[in-house]
Amino acid sequence: MPSYARLPVEFVRGEGARLWDEEGNEYLDFLCGVGVTSVGHCHPRVVEAVRAQADRLMHVSNIFYTEPAMRLAERLSRSSLGGKVFFTNSGAEAIEAALKLARRARPGGDVVVAHEAFHGRTYGALSATPQEAKQAPFAPLVPGFRAVAADPDALVGAVDERTAAVLLEPIQGESGVWVLPEELLRAAREACDAHGAALIFDEVQCGMGRTGSLWAHQQSGVVPDALATAKALGGGLPMGALITGPRLADVLRPGEHGSTFAGGPLVACAALAALDVIDQPALLASVRELGARLAAGLAVLPHVLEVRGRGLMLACALDIAAPEVVRRALLEQRLVVNATGPDTVRLLPPLTIGAGEADEALARLRGVLEA
Ligand SMILES: *Cc1c(COP(=O)(O)O)cnc(C)c1O
C-alpha cells in the first residue's frame, strides 16, 4: 500500500554503519532503520545469538517459560525500574500495554499527553498522539486522552484524581528531537504522586543507550512508574517491552492482556546480545562524546539554524527544505538520514560508530548543503 513515500533505493546488504544498494553503491547509514539498528547492521554478536537460537527453539508462546525471555526480563528490570516486564513486538504495542495497565490501575481514568508527542499508529497509541494530520483521517479515536502543552503549569493543571497516567517521551523523536526540560519531567512526577496517577515514559526512541545512558530518564533523575522500549531493543528484530516499577508490577491479572508472538526466544536472544553491546560504560561514554562532536560539527554547517538533541539522537533545523536535502544526501552523497518536518533533518547513527564515521557524515552533509 502507498502508506510510505519511499525513496528510490533498494538496499541488499549492511555491515556496521554501512549499507549497500543493489548496484553495489556504499552508503553511510545515519538513520538506522529509524533508530532500530543501534548496534550497526548485522552485528556479529546479534547474528551469532540469533543463529544459535534459531537452531534450538523459535517459538512456544507465552503460555510457557523460556530461558531467554526470563533472562531478558530480569535484565531489563534490573537495568531500570526494578519491577516486572511485559513483552511486545513493537513500540506501539508497548504503549498499548502501558495504556491498559494505567487504566487497569485506575479504572476509567484519563491519560494526559503532550502536544507534538508521538506514541505510535495503533488506535490507543494514535489517540495518545495529538497530531492533527495523523489523527484526523482516522476519527473517531479512543476517548479519555487529554493533550496539553509541554509546559509544567499546563501539565500540572491537567492532572487530578481522575488521571490514570501522564505519558511523555523524555525526548520527543518523531516531531523533531525536542528534549523535554527536566523541570517538566519533575513537575509531572510530582503531579502524579500528588494524585495517585502513573508516570509513564515512552523511551521507544530515546532509550537503549541512544542518548548516552541506557535509559534517557537516568540523566534527569526523574523515575517513572513504567517505561516503554522497542526500536533498538531487538538489535534489528521486532521487539518491544513495557518495564514497570514495583507499584505497577502486579496490576494485570492472568488473561487481561497478551500477545501470541511477543518475547519469543529468538528475539529475546537478539535483545540480550544487543544489550551486551550497548550497556557498557565505554560505549555509552562514546555515545556522549561523539554526540557532542557531531552536534558541534552540525552547528557550523551552512543553512543550519539550530541543533537539538542529546547523545546520538540529533536534529538540525535548516533554512531550506529538509525533504530535498534528505533526497540529495541519499542519492548524491550516499548518506542515509531522514526529515522529521519540512525543515528538520534527523540523525540517528549506530551507537557503535567511530569518530571517523561521524566526521565522514558531516563532510557528506556539508557537500549537500553547499550544493
Ligand atoms: C517509533 C515510536 C513508537 C512506535 O513504535 P512502532 O514500533 O513503530 O510501533 C512509539 N513511540 C515512540 C517515541 C517512537 O519513536
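In this predicted model, helix α10 (residues 281-299) and helix α12 (residues 355-370) run with their axes within 10 Å and cross at roughly 20 degrees. Angles under 35 degrees count as roughly parallel, so α10 is described as roughly parallel to α12. The crossing of these two helices, α10 and α12, is right-handed. On the α10 side, the contact is made by L290, R293, L294, G297 and L298, while α12 contributes A355, A358, D359, L362 and L365. Sorted by class, the contact of α10 with α12 holds seven nonpolar, one polar and two charged residues.

Helix α3 (residues 67-79) packs with helix α9 (residues 265-278) at an angle of about 40 degrees, and their axes are 8 Å apart. The helices α3 and α9 are therefore oblique to each other. Their crossing, that of α3 and α9, is left-handed. From α3 come P68, A69, R71, L72, R75 and L76, and these meet P265, A268, C269, A271, L272, L275 and D276 of α9. The contact of α3 with α9 divides into ten nonpolar and three charged residues, with no polar ones.

Around the ligand are S90, G91, A92, F118, H119, G120, E169, D202, V204, Q205 and K231. The side chain of K231 has an N or O atom that is 2.6 Å from an oxygen atom of the ligand.

Finally, two details of the backbone deserve a look. Most peptide bonds are trans, and most residues other than glycine have a negative phi. Against that background, the peptide bond from A139 to P140 is cis, with omega near 0 degrees.

Notes
Residues are numbered from 1 along each chain as its sequence is written. This is a predicted model: local features need pLDDT of at least 70, side-chain atom pairs count only at pLDDT 80 or more; totals for chains, interfaces and linings use all residues. Side-chain values use heavy atoms; hydrogens and water are left out. Axes are lines fitted to C-alpha atoms, for helices over the stretch in contact, and angles run from 0 to 180 degrees between N-to-C directions. Helices (H or I, at least four residues) and strands (E, at least two) are DSSP runs, numbered from the N terminus. Angles under 35 degrees count as roughly parallel, over 145 as roughly antiparallel, 65 to 115 as roughly perpendicular and the rest as oblique. A crossing is left-handed if the near helix is turned anticlockwise from the far one by less than a right angle, and right-handed if clockwise. Contact means heavy atoms within 4.5 Å. Ala, Val, Leu, Ile, Met, Phe, Trp, Tyr, Cys and Pro count as nonpolar, Asp, Glu, Lys and Arg as charged, and the others, Gly among them, as polar. A residue is near a molecule or strand if one of its heavy atoms lies within 4 Å of it. A polar contact is a pair of N or O atoms within 3.5 Å; within protein, one must be able to donate a hydrogen and the other to accept it, and residues adjacent in sequence count only if both atoms are side-chain atoms.
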